[in-house]
Amino acid sequence: GDYLTTNSSSDYTPGTSDFTLEYWYNPDENAVDFIIDAAAGSEIWATYCNASGQHKYRTDGTDRIISPTSRPLVPGLWWHVAVVRSSNVVKMYINGLQEGDDYTDTNDYTFNQLNIGRRTDGSFEYNGKISNLRFVVGTAVYTSPFRPPTEPLSAISGTKLLCCNNSSVTGATTGTLTSSGDPTASTDSP
């Protein structure tokens, strides 16, 4: 029952632009848990993990990019995840390495709100930690394998949301959040 929701704003609407969604996450368990879901009434745009420790990028109710079962994301460890659309091709990187296949994505995304820690309909709540979540519209920050950042993320050009990066549950460098349930802030970080 603990999750965060952004304010409703066209700032979070990527349309057909390039975008980068990245965050550090540390699951308490391997279960079907949504990390990010666009608040648009159905599974329009999301990332989530499953009981096998796979991380997935999902659009239009279909899994588009899936990390392999041979490299599960083990609970209790920090993982850096980045989902990047560059020139209508989406790639997912875990700890800086591309996982899964490219996805050709020409969707015109019109959502204007994000849920952090659950699916929009209130199901599949995430149990774990999230740190340094950044959503950038208009820029593909990563286009090839990279070394994950070792310092807190900063607001760069096009940053629409930068949160889960200070001692306040709803504190954000960029964007506005509300909390539901009883999420807590922690000094534990990647």
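Biologist: Hello! What percentage of the 190 residues in the protein is buried?
Modeller: Welcome! This is a predicted model, where local features need pLDDT of at least 70, side-chain atom pairs count only at pLDDT 80 or more, and totals for chains, interfaces and linings use all residues. Residues are numbered from 1 along each chain as its sequence is written, and side-chain values use heavy atoms, with hydrogens and water left out. Buried means under 20% relative accessible area, exposed means over 50% and partly exposed lies in between (1.4 Å probe, protein chains only); of the 190 residues in the protein, the buried share is 47%.

Biologist: What radius of gyration does the protein have, and what would a compact globule with 190 residues have?
Modeller: The radius is taken over C-alpha atoms, and the globule rule is 2.2 Å times the number of residues to the power 0.38. The C-alpha trace spans about 40 × 40 × 35 Å along its principal axes. For 190 residues the rule gives a value near 16 Å, which agrees with the protein's 15 Å.

Biologist: What share of the contacts with a separation of 6 or more comes from residues 24 or more positions apart?
Modeller: Contact means heavy atoms within 4.5 Å. Among contacts in the protein with a separation of 6 or more, residues 24 or more positions apart account for 64%.

Biologist: Which residues does Thr47 contact, leaving aside neighbours within four places in sequence?
Modeller: Thr47 sits in strand 4, residues 45–49. Thr47 is buried, at a relative accessible area of 1%. Leaving aside neighbours within four places, its contacts are Leu21, Tyr23, Phe34, Ile35, Ile36, His55, Lys56, Tyr57 and Val83.

Biologist: Tyr57 is on that list. What distance separates its C-alpha atom from that of Ile36?
Modeller: Tyr57 belongs to strand 5 (residues 55–59), and Tyr57 is buried with a relative accessible area of 0%. Along the chain, Tyr57 and Ile36 are 21 residues apart, while their C-alpha atoms are separated by 9.7 Å.

Biologist: How many disulfides are counted?
Modeller: A disulfide is a covalent bond between the sulfur atoms of two cysteines. Here the rule asks for a pair of cysteine sulfur atoms within 2.5 Å. For Cys49 the closest cysteine sulfur, in Cys164, is 15 Å away, and for Cys164 the closest, in Cys163, is 3.8 Å away, so each is too far for a bond. The count of disulfides is therefore zero.

Biologist: Are Cys49 and Cys164 buried or exposed?
Modeller: The relative accessible area of Cys49 is 0%, and that of Cys164 is 16%. Since buried means under 20%, Cys49 and Cys164 are both buried.

Biologist: Which loop holds Ser87 and Asn88?
Modeller: Most residues other than glycine have a negative phi. Phi is positive for Ser87, near 50 degrees, and for Asn88, about 70 degrees. Ser87 counts as exposed at 58% relative accessibility, whereas Asn88 is partly exposed at 31%. Their place is the loop between strand 7 (79–86) and strand 8 (89–94).

Key. Helix = DSSP H or I, 4+ residues; strand = E, 2+ residues; numbered from the N terminus.
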